[in-house]
Amino acid sequence: MLIPLVLAALALAAWVYLLLAHGGYWRTGHRLSPSDTPAAPFPSVVAVVPARNEADMLGASLPTLLAQDYPGEFRVIVVDDASTDDTAAIAESLGTLTVVHGDGPPPGWAGKVAAMARGVAEAGEPDYFLFTDADIAHPADSVSGLVGRAQRDQLDLVSLMARLGTDTAWERLVVPAFVYFFAQLYPFRLVSRPTSRVAAAAGGCMLVRSKALADAGGLAGIRDAHIDDVALGRLLKRHGRTWLGFTTAVRSLRPYPRLADLWDMVARSAYTQLRYSPALLLGTVVGLLLLYVLPPVAVIVGAFGWWWLLGVGGLAFVIMSATFVPVLRLYDLPPWRAPLLPAIALLYAAMTLDSARRHWLGRGGAWKGRTVSRPV
């Protein structure tokens, strides 16, 4: 029983570190504040919305951008990324905005980054770009709050993790854990700390200072990035200051009603995030098992008389569950769901393995009819 006890002790040590010394990743109070309001002279902002086959989303999301109460110059550009539905027509029917028609990414470019670059080229020279997805709905003061925080702290990137939908049972199970795992991988407070090397962004809502983007070499610097938000966060943090926070006001309207939909959301990019590395894949799966699954297993085995194993595993399990509670509260879900995290971690491990399988079969990153080729 020595080996299980040692493994349980390692898991407990890891959870104590995560709780106390990993940037407070589990805390969700890192948000914009009511004092984040823009100051005159108000900088100009252009929202760039890449859209590929998003006819069913734009009718609900674009009106929220067009209704912004921002006091400065604000324009919206929708980039129709070679859609095969009525994306362009619906966008053009919604109000005063610009629709750019694209014919897909050029060689060496990822589709979304290429669409973002088309929007930047069309925008001219605003002070800021707001890169936001076609399924994202914004409150009326969204641009004002983002610009206000950028001005106050002299930031080159201000990003918010949009609140994903939790209308169905599967969404309530999987979505909060997705946010939790993302924050654990990229603690928001560390992303926002200039002295930290941790860098990321959340692609649904990214306000970027145009001069900083130009000084960093523009979007060409991340042209082949299929996880564009993290890549952009890293690019800009190398040259300036970035900030990433939580929100309940900026919302994703995209539904994921079935497990299959959520599975595809994760499996689409998980192996890309691991840089297509079998070694990182193995390390990730083993890490998920040791960190999340081992503590409850130790509790079950320890209950049959191995009291030290029960105590060590139980304490690790308690810390794990406690760190998940703030994210559950962010999504208005009860704390009793926290002990389900090990089962959800197993589900994510399976999604990650499936992501690798898809890439090996040449079907990786499938989204709106496009796939990501696995590097040779």
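Predicted model: local features only at pLDDT ≥ 70, side-chain atom pairs only at ≥ 80, totals over all residues.

Student: What makes Asn53 buried or exposed?

Tutor: Its relative accessible area is 16%. Buried means under 20%, so Asn53 counts as buried.

Student: What stands out about the phi of Asn53?

Tutor: It is near 55°, a positive value in a residue other than glycine. Most residues other than glycine have a negative phi. Ala82 is another case, with a positive phi of about 55° although it is not a glycine.

Student: Where is Ala82, and is it buried or partly exposed?

Tutor: Ala82 is in the loop between β2 and α3. With a relative accessible area of 26%, Ala82 falls between the 20% and 50% cut-offs, so it is partly exposed.

Student: What kind of peptide bond joins Ala40 and Pro41?

Tutor: A cis one, with omega at about -5°. Pro41 lies in the loop between α1 and β1. For background, most peptide bonds are trans.

Student: On to the strands. How do you know that β1 and β2 pair?

Tutor: Two strands need at least two bridges to count as paired. Strand β1 (residues 45-51) and β2 have seven, in the parallel sense. As one example, the bridge partner of Val46 in β2 is Arg75. The chain gets from β1 to β2 through helix α2 (residues 55-66), and that β-α-β crossover is right-handed.

Student: How many bridges link β2 and β3?

Tutor: Five, again in the parallel sense, with β3 covering residues 98-102. Val79 stands opposite Val100 in β3. Here the chain crosses from β2 through helix α3 (residues 87-93) to β3, in another right-handed β-α-β crossover.

Student: What makes β2 mostly covered?

Tutor: The count of buried residues: six of the eight in β2 (residues 74-81) are buried.

Student: Now α5. How many of its residues are buried?

Tutor: Nine of its twelve, which is why α5 is described as mostly covered. Among them are Ser142, Val143, Gly148 and Arg149. As for its span, helix α5 (residues 142-153) reaches 17 Å from its first C-alpha to its last, close to the 16 Å expected at 1.5 Å a residue.

Student: Why is the contact of Arg149 with Asp36 called a salt bridge?

Tutor: The cut-off is a side-chain nitrogen of Lys or Arg within 4 Å of a carboxyl oxygen of Asp or Glu. Arg149 and Asp36 meet at 3.0 Å, N to O, so the pair passes. Because Arg149 lies in helix α5 and Asp36 in the loop between α1 and β1, the pair ties together parts that are 113 residues apart in sequence.

Student: Are those two partners buried or exposed?

Tutor: Buried. Arg149 has a relative accessible area of 5% and Asp36 has 3%, and the cut-off is under 20%.

Student: What about the salt bridge of Arg149 with Asp153?

Tutor: The distance is 3.9 Å, N to O, so it still falls within the 4 Å cut-off. Arg149 and Asp153 are four residues apart in helix α5, which means about one helical turn separates them. Asp153 is partly exposed, with a relative accessible area of 23%. Asp36, Arg149, Arg152 and Asp153 are linked in a network of salt bridges, and the structure holds 17 salt bridges.

Technical notes:
Residues numbered from 1 in each chain as written. Heavy atoms only, no water. Buried < 20%, exposed > 50% of the residue type's maximum accessible area, 1.4 Å probe, protein only. Helix = DSSP H or I, 4+ residues; strand = E, 2+ residues; numbered from the N terminus. Right-handed = clockwise from strand over helix to strand, strands pointing away. Expected span 1.5 Å × (residues − 1).
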